Amino acid sequence: MLAADQYLMVGVVLFGIGVIGFLTRRNVIVLLMCIELMINGAGLAFVSFCRQTGSLDGQVFVLFAMVIAAVEIAVALSIVLLVFRNRATLDVDEMEVLKW
Amino acid sequence: MDITHWPVLSILILLPAIGAGLIFLIPWADDFFPRVLALLVAGVNLLLSLALFRAFNPASAGMQFAERRDWIPDLGAGYSLGVDGISLFMVLITTFMVFLALLSSWGEVERRPGLFSGFILLMEAGLLGIFLSMDLLLFYVFWEIMLVPMYFLIGLWGGENRRYATIKLIIYTMGGSLLMLVAILSLYFFHHAQTGTYTFDIVQLYETSIPAYALLPMGFAFFVAFAVKSPLVPFHTWLPDAHAEAPISGAVDITGLLIKTGAYAFLRFFLPLFPDFSASYAPLVVMLALLANLYGALIATVQDDIKRLIAYSSVSHVGLIILGIFVLNLQGIEGAILMMVSIALSSGALFIIVGMLHKRSRTKDISQMGGVWRDMPLMGGFFMFFTLASVGIPGLSNFVGEFLIFLGAFRVNVIYGVAASFVVVLTAAYLLWMFWRVMFGPAPERTRTWYDLSFMETVTLTIPAILVVLIGVYPKILLDRIEPSASALLVRAEKKLAQKEIPKNRLSVASCQITEDRELKTEK
Amino acid sequence: MVEATGLFSKLWLVPALPLAGALFNCLLGRQVSNFVVSIVACGSIGLAAVLSLLLFNSFLKLPVEQRHIELCMYNWIPSGDFSAPIDLLLDPLSMVMITMVSGVSFLIHVYSVGYMSRDESFARYFFYLNLFVFFMLLLVLAGNFLVLYIGWEGVGTCSYLLISFLYHKQSAARAGLKAFVVTRFGDFFFTLGIMLVFVQFKSIYFGEVLPRAHEVLTPVMATWIALLIFGGAVGKSAQVPLHTWLPDAMEAPTPVSALIHAATMVTAGVYLVARCYPIFQLSPTAMSTVAVIGLLTAVISATIALVNNDIKRILAYSTVSQLGHMFIGLGVGAPAAAIFHLLTHAFAKALLFLGAGAVIHALHEEMDIRRMGALKGHIPATFWTFLVGALAMAGIPGLAGFFSKDAILEASFTNGGVLLWLIMVVTAGLTAFYCFRLFFNAFLGEKRWDPHVEEVHHPAPVMTIPLMLLAVLAAVGGYMGVPHALGGADRISSFLAPVFPPAHHTDGGGDSSRLGIMLMTVSSMVAMLGIILAYYFYVSPEGREAPGRLRQTLSGVYDFLSNGWYFDKIYQVVFVDRFMGAANFFWQAVDTSVLDMTVRGLAGLVLGGGEIVPRLQTGLVRWYALFMVAGAVVIMGYLYIF
Amino acid sequence: MEITFPAVNIDSTMPQLIVALFAILALLVEVFSRSPRMVFATCLVGLHIALIRSLMQWGRGIPYESSLLAVDGYTTFFNILFILIAMITMAISLSYVENTRVDGGKYYPLVLFATLGMMLLVSSMDLLMMFLSLELLSISMYMLVGSQRDKWVSTEAAIKYILTGAFASGFLLFGIALVYGATGTISFSKMESILGGLGGAGAIHELPLLQIGIALMMVGLGFKIAMVPFHMWAPDVYEGAPTPITGLLSTGSKIAVIALILRLFNNPFIQVSSQWVGILWVLAVLSMTLGNVAALLQKNVKRMLAYSSIAHVGYLLVAFIALSTRGMEAILLYSAFYAVMGLAAFGCIASLTRAGGGTTAGEGERLKAEDYTSLGYTQPVQAAILSICLLSLAGIPLTAGFIGKLYLFGAAVNAGFVGLAVIAVLNSAVSLYYYLGLMLRMYALPGRFAPMEEPVGSLFGKLVLLVLGVTIIALGIYPTPLVGVIKGAVTALSAL
Amino acid sequence: MENLFFYIAAILAVASAGSVILQRKVMYSVLSLIVTLLAVAWMYAMLSAPFLAVVQVILYVGAIMVLFLFVVMMLKYEKTEIQRFRPGLLWCTGLLVAVFFLMKLIYVVNRASSLTPKVATVPPDFGSIKSLGGVLYTQYLLPVELTGILLLVAVVGVALLSGIKK
């Protein structure tokens with residue numbers, strides 16, 4: 001059996017890549033995907049910890065996290081549609097009417 | 001009127017508060033009604049305070065007419081009021097000056113006079129609260145709430161620079177008093193640590209002994225708060241702006257009262273709470289006070305703005321008051337209280353006069369005036385009278401306070417006495433020079449239209465004039481009532497000092513016996 | 001000390017009557033006619049004068065040891081161990097003073113009715129004047145230092161008010177301010193003196209302080225107290241170096257000059273020193289200081305009077321000079337002589353001033369003696385009375401000034417030495433010279449009037465009658481103190497004796513009697529010489545060119561003198577300019593720059609620091625996320641620093 | 001295998017259930033009646049019933065055997081508070097929603113769902129429950145923020161909020177994962193006993209996963225309460241959101257998360273809390289200072305209040321740092337006060353909105369400070385209430401804000417954080433300037449020819465505002481009853 | 001063998017995740033993400049979470065990613081960032097901070113993993129649908145109900161935002 005913390009490390013890296021992407025990309029949809037990456041990273045961490053501790057809580061958590069992710073993405077995408085309808089853009093840097 | 005069984009102190013505070021509330025609630029009413037209401041309320045309050053004065057027992061040093069109810073029992077904060085010889089005259093002068101301010105601003109406020117009266121009443125409630133609170137938290141409440149009407153009086157009816165003036169007012173006074181809040185809380189917790197009870201009751205807090213490490217910062221926080229309000233140089237620069245930018249004389253009068261709260265708080269709270277701090281740093285404070293005294297006089301000399309001039313003269317006088325307090329003897333303290341009352345009257349009246357001048361001349365610039373006496377001899381007479389009162393001519397009120405302060409200072413240290421009394425020469429110089437520039441000299445043609453005082457204005461000025469003479473000629477009326485409380489204050493401070501076993505070479509408080517020969521040699 | 005009984009219990013009426021008059025004129029003066037005003041004003045003073053005389057009468061009937069009556073009105077300032085009641089003290093010193101003050105005041109009031117008749121501020125004038133009399137009477141009747149101080153400041157205030165009475169004149173306003181501030185400077189010392197007295201004695205009653213002075217005070221302390229009190233006197237009595245206000249004070253209406261700046265207020269300093277004489281006696285230093293200051297003043301102002309051309313200023317300098325004489329008298333241990341001189345000088349100088357007032361009035365407010373002359377025929381009453389005054393002033397034997405001046409001269413010869421005496425005699429000569437320079441220029445010689453003066457105003461009887469009465473007093477007033485040397489009884493000295501402790505010098509032995517006569521002769525001759533010189537210079541045709549030539553020869557001296565020894569200019573540069581400079585510095589550099597800038601700077605710092613915030617709030621989501629991540633990094637770094 | 005459903009104690013979770021039920025019921029009403037007002041009424045009725053139910057719960061010991069939810073004085077207190085917040089939000093929304101063409105039929109139920117999220121969040125005794133309630137709250141809020149579809153600012157606020165919010169949720173989730181990894185459990189009570197058994201802070205320090213997990217969780221939670229430096233979204237979103245929702249965001253959602261943090265650091269993470277004092281100290285100072293300074297410069301009233309709410313989080317943290325009963329009392333008290341002040345303030349702004357508000361930023365609404373000049377004479381009610389709110393936010397005595405600050409700073413001083421208290425009071429002094437400045441502007445004397453303006457705002461809205469204003473003053477003068485309630489709530493939390 | 005599978009999955013996951021954020025075109029990002037999700041599902045399976053792996057594939061790949069694809073295709077947003085890409089200050093700082101964050105996280109987690117117990121022995125049906133269901137419908141019944149409400153909220157919200165009127 002492989003040491004579960006290597007999976008954990010993969011989770012960390014996925015999470016990190018998500019963060020990097022969120023900070024560097026400008027397309028809203030890509031940003032949302034980055035968030036998916038982060039959630040998956042967290043999920044991987046959960047499951048690897050499950051394996052380590054032997055409790056099912058983590059897996060349950062991941063299950064719920066997936067639902068949350070789905071809901072969030074659905075809502076977010078509906079807002080994105082609204083944005084696109086208004087401004088015809090997906091560039092997050094162009095959404096800066098609200099500042100200072 | 002037998003008021004001994006009334007909650008008279010509460011009524012004193014609540015009446016103007018309710019009056020102000022009514023005025024604020026009926027903004028659509030014609031301006032006449034709120035003005036009358038305000039004057040009525042102020043008048044009733046004045047009568048009430050006079051009744052209080054009559055019923056006051058001059059022989060007692062303790063709190064009279066005391067009221068105590070729980071307010072926030074969780075914190076041990078009480079609604080606790082009381083009046084003693086020190087606060088009695090503060091109350092009287094407040095009710096009186098508020099009445100006068102309303103009277104003098106009767107025709108002066110052109111826009112929203114009703115609202116103006118409301119704020120003045122609110123100020124009255126706050127001021128009376130400060131003077132009557134026997135609970136530190138309650139005191140703080142009034143102390144801070146006072147600023148709001150003040151802020152609006154200047155901010156709404158002020159001159160061109162009012163914005164700057166209000167900013168300064170807020171920065172200075174609020175910064176100072178909020179720091180004090182932290183110190184109050186520290187004191188409160190120290191008291192709890194020592195006695196196990198949470199209370200803001202001032203008499204109980206007097207007994208708190210503050211650990212040495214906290215003494216300096218706490219004392220400093222209190223000191224700064226009071227010094228800003230007083231205002232003592234170098235915390236004074238808000239005052240000239242506040243005075244100069246408040247075009248309504250009534251508002252300025254109230255500012256005059258406001259600054260008395262600083263000196264009062266020194267007496268009521270600072271000395272008893274921090275006797276050791278007061279005693280050890282008294283020389284420093286006295287130096288500062290003397291500096292303020294001189295500094296205010298110097299700067300007043302070269303002012304061209306008549307309001308600033310009088311404001312700086314207030315700074316100078318306040319220095320004297322603080323000096324009187326911090327020489328820590330009976331004469332000094334009694335003198336300081338008398339001085340507070342007198343300055344409220346004389347400077348207040350001067351401001352009213354300046355307001356009357358302003359109404360006619362539309363300027364505060366002294367160089368635009370001159371020769372006014374020709375067309376306004378009656379006002380000139382009053383102006384002269386109050387100027388002389390400020391100069392400290394014996395027989396008028398300021399002299400008594402001044403002399404007692406000098407005497408108190410002189411007994412502690414000859415140098416103090418010398419320095420303080422020297423400034424009186426300068427005071428005479430700049431005030432009379434101001435008077436000369438305004439009233440004397442050839443009159444320009446435009447002053448022809450400056451009509452002399454109306455009947456209302458004459459009445460407004462006559463009342464304080466009578467009081468100035470009364471206090472100047474028969475100050476015993478005040479001194480008799482102040483003395484028991486003032487000496488109790490000193491005795492308490494001394495007792496607390498004795499407990500702390502302050503080294504004997506520090507200043508001893510109440511009995512300031514000095515060996516004059518030695519002092520004089522040092523002077524030589 | 002004797003409880004006030006009988007008439008003496010009405011002592012308070014003496015100051016109260018003028019006060020009542022003042023209050024009436026203050027409150028109702030504008031409503032009633034000038035006639036009522038003058039009746040009330042003069043009447044109240046007149047009653048006070050009559051009451052004083054009645055009191056004097058009763059007082060003389062008292063045994064000598066009972067001539068110390070205190071009347072306590074009420075406790076004015078009680079504060080702990082300090083207490084200052086309003087109490088009045090009637091002893092021989094204050095007795096003569098109130099009599100003189102009320103009497104002279106009454107005459108001058110009457111004169112003023114005529115003099116001020118056309119002034120629109122008639123009531124105000126009499127309000128001030130009555131108030132002044134009240135304070136003056138309070139001053140001399142004071143039973144303790146603080147009451148004296150009330151009067152002291154009160155008279156100063158009234159003086160200020162009356163000097164600036166002609167409000168439209170800048171010079172009057174300036175003079176008033178100057179008078180007030182300069183005297184206030186002296187009062188500063190006086191206040192300190194009072195406080196030092198209290199600290200030493202735990203009391204400020206004359207009745208407790210003065211008798212115990214020699215027990216309580218160390219010599220050093222006595223010197224300090226005496227000098228501080230003398231400081232007050234120097235200011236009030238216009239002694240060098242604080243004398244500069246008095247000549248300027250001539251801006252006041254002339255009767256005011258007569259009353260305040262000649263007869264009464266300026267002599268308050270002399271009165272004060274005399275009152276505190278027991279303290280001064282304990283300190284030889286203080287005594288000599290008093291004498292030296294007096295001498296300096298006498299000489300300096302006499303020399304200035306020589307060259308001045310303003311009729312009132314000449315008299316003012318003369319007043320200063322005579323006050324110097326009085327202080328010399330006090331300094332050399334002849335307080336009674338000083339008081340005697342005070343009285344005679346009051347009569348004579350009041351007379352001269354009122355006469356000068358009549359002259360000025362006659363010539364339509366002309367004050368320059370160079371534009372007068374030949375008034376003898378126009379206003380004869382004034383001429384004759386003025387002559388009496390001038391002679392009395394000059395010290396011509398038989399007139400009042402002679403006796404009093406010689407009493408001082410004799411004392412200074414005995415106690416101060418020949419040099420002192422010599423200087424004083426020369427000064428006396430100068431006095432005679434300038435008095436008659438003034439007199440001759442004004443009344444004799446040819447007309448040098450301003451062309452627009454077509455007709456002289458003739459003084460009304462209300463003006464001439466006081467002149468005459470004063471002339472009588474100036475002529476015969478000296479007989480209350482005819483020295484023993486001339487076979488007199490020197491009644492004034494013996495009357496005042498209870499107030500002053502026994503003097504050092506012995507009174508009138510056979511030797512000194514002869515010496516006295518000799519001294520008198522010399523001084524009278526010097527005075528005559530002065531008059532003759534004046535006649536030669538200003539009347540006789542031969543001498544007409546002399547003053548001009550002399551002026552040219554001694555132009556440096558002349559400038560020096562006519563600029564009043566440059567006192568004013570030096571003060572301007574050394575004090576006033578410096579003071580204004582400092583004030584400006586503190587205002588501009590400290591208050592508006594340093595302190596205000598600190599506040600503005602703090603506010604600017606907050607706002608300037610706040611300027612970062614808008615830049616941070618870019619509106620960019622990624623930027624916001626960046627902050628979150630950065631925050632996380634920092635927190636993690638805090639928890640685990642690698 | 002037999003599945004036994006757990007016995008859920010319906011009685012004790014009744015308020016939450018009622019809120020949920022009525023939200024769903026309201027949706028049904030919306031479907032059938034098509035009248036937003038009916039939906040509004042349904043929601044309000046539901047809230048009232050829930051309120052009564054919660055009040056009945058108050059003071060009764062309710063046995064509740066569940067590892068997921070706590071039902072105690074603490075939760076009851078917050079339940080009541082949230083229900084009240086929801087009611088106020090609804091009330092101030094009514095005319096706003098109608099004036100700005102928001103789809104009220106869905107708006108009101110969403111407010112209820114958000115409230116449900118808050119209520120469950122405070123009751124959570126388990127990381128999963130916590131996460132789900134937080135998401136329920138957040139997602140409802142995302143959509144409420146964007147509910148003014150016609151307005152670009154609303155949409156932009158929504159997209160910004162959801163992007164950053166989801167990002168923060170990611171952090172939270174990852175943090176939870178790490179905490180779970182470190183402790184092996186997601187139950188608060190188990191966590192407490194596990195960590196308590198470790199023996200002190202030293203041992204905790206040897207659990208980097210736990211520490212980092214908590215740190216990442218705090219990033220997520222700090223985002224929700226708009227704590228510096230996780231606050232950047234707040235001003236933008238506050239400005240863009242419909243004003244009543246801004247009120248809800250700045251009060252309800254913030255208070256819920258703070259209550260949660262309080263529970264976290266009092267129960268599961270109590271061993272860790274001392275380590276966080278330093279961090280929170282700095283963050284508190286940053287929040288206060290940045291919030292106040294920014295508000296000082298801000299010319300847009302809504303944004304100004306947004307920054308001021310950031311500053312208020314700083315004040316709350318001041319008491320939080322004290323980590324004492326007194327501190328908790330202070331936080332609860334101030335939260336309650338802040339809820340009233342904040343909602344009333346935003347309510348006033350909302351009530352000043354004119355009908356048929358435009359589609360661009362600020363149109364139809366009074367946002368710029370200049371719009372408030374002399375408002376006191378044209379719209380006296382709103383101006384007066386807003387003034388009271390401002391005074392209270394500034395902490396002027398005789399308003400609730402003063403009492404709250406007194407407790408907050410008192411807690412800090414009591415715990416020895418005098419320096420922090422000093423910074424806090426200095427900040428208070430700075431804040432006065434902009435609060436009073438706005439007030440001064442509102443009462444600036446009108447010129448002689450100032451144009452007349454019709455009063456706006458419905459009578460109902462004004463009445464609600466009036467009640468709030470009176471409450472602020474009343475609580476400022478006599479806070480004792482509320483203090484007693486809060487003491488009970490805090491005791492419940494500590495006793496857990 | 002297991003190691004090999006792990007490494008393949010790990011490399012696949014990380015590489016495709018990198019690809020998600022590096023792709024110029026959104027469509028490619030979406031496709032890359034799908035790969036990542038599948039790799040993660042693979043790892044779930046290897047971590048005794050077979051049920052989760054299945055759900056991951058069904059829910060994520062089957063639902064969420066389809067939603068993404070749908071939106072991407074519907075919006076036809078052609079502007080790519082690369083055309084206007086400028087590595088500005090924000091970009092650089094962002095990258096720097098994020099990378100630093102990642103490194104920090106890796107460091108700490110790495111350090112932590114040496115402290116925690118490696119692997120627990122688990123029953124064979126660990127993570128099976130039955131065991132998971134048992135927990136879900138007993139212990140976590142309330143969250144499940146809550147999830148229902150959440151989904152309802154999402155529906156209502158989307159309706160609110162998209163302006164669906166009856």
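How many residues of chain C are in contact with chain A, and how many residues of chain A do they meet? In this predicted model, 10 residues of chain C are in contact with 9 residues of chain A. Chain A also meets chain E, where 68 residues of chain E are in contact with 61 residues of chain A. The points below describe chain A and then the two sets of contacts.

**Chain A**

- Chain A has 3 helices and 0 strands, and its elements follow the order α-α-α from the N terminus.
- The radius of gyration of chain A is 17 Å, well over the 13 Å that the globule rule gives for 100 residues, so chain A is more spread out than a compact globule.
- Along the principal axes, the C-alpha atoms of chain A fill a box of roughly 50 × 25 × 25 Å.
- Of the 100 residues in chain A, 78% are buried.
- Among contacts in chain A with a separation of 6 or more, 51% join residues 24 or more positions apart.

**Chain E against chain A**

- The 68 residues of chain E touch 61 residues of chain A.
- Elements of chain E that each give two or more residues to this side include α1 (2-22), α2 (26-46) and α3 (50-75).
- The largest share, 12 residues, comes from α4(E).
- By class, this side of chain E has 52 nonpolar, 13 polar and 3 charged residues.

**Chain C against chain A**

- On chain C, 10 residues are in contact with chain A.
- Helix α26 (residues 621-639) of chain C supplies the largest share of this side, 5 residues.
- The residues of this side of chain C comprise 6 nonpolar, 3 polar and 1 charged.

Methods: Residues numbered from 1 in each chain as written. Chains lettered and ligands numbered in written order. Predicted model: local features only at pLDDT ≥ 70, side-chain atom pairs only at ≥ 80, totals over all residues. Contact = placed C-beta atoms within 7 Å. Helix = DSSP H or I, 4+ residues; strand = E, 2+ residues; numbered from the N terminus. Nonpolar A, V, L, I, M, F, W, Y, C, P; charged D, E, K, R; others polar. Rg over C-alpha atoms; globule rule 2.2 N^0.38 Å. Buried ≥ 20, exposed ≤ 12 C-beta atoms within 10 Å, placed from the backbone.
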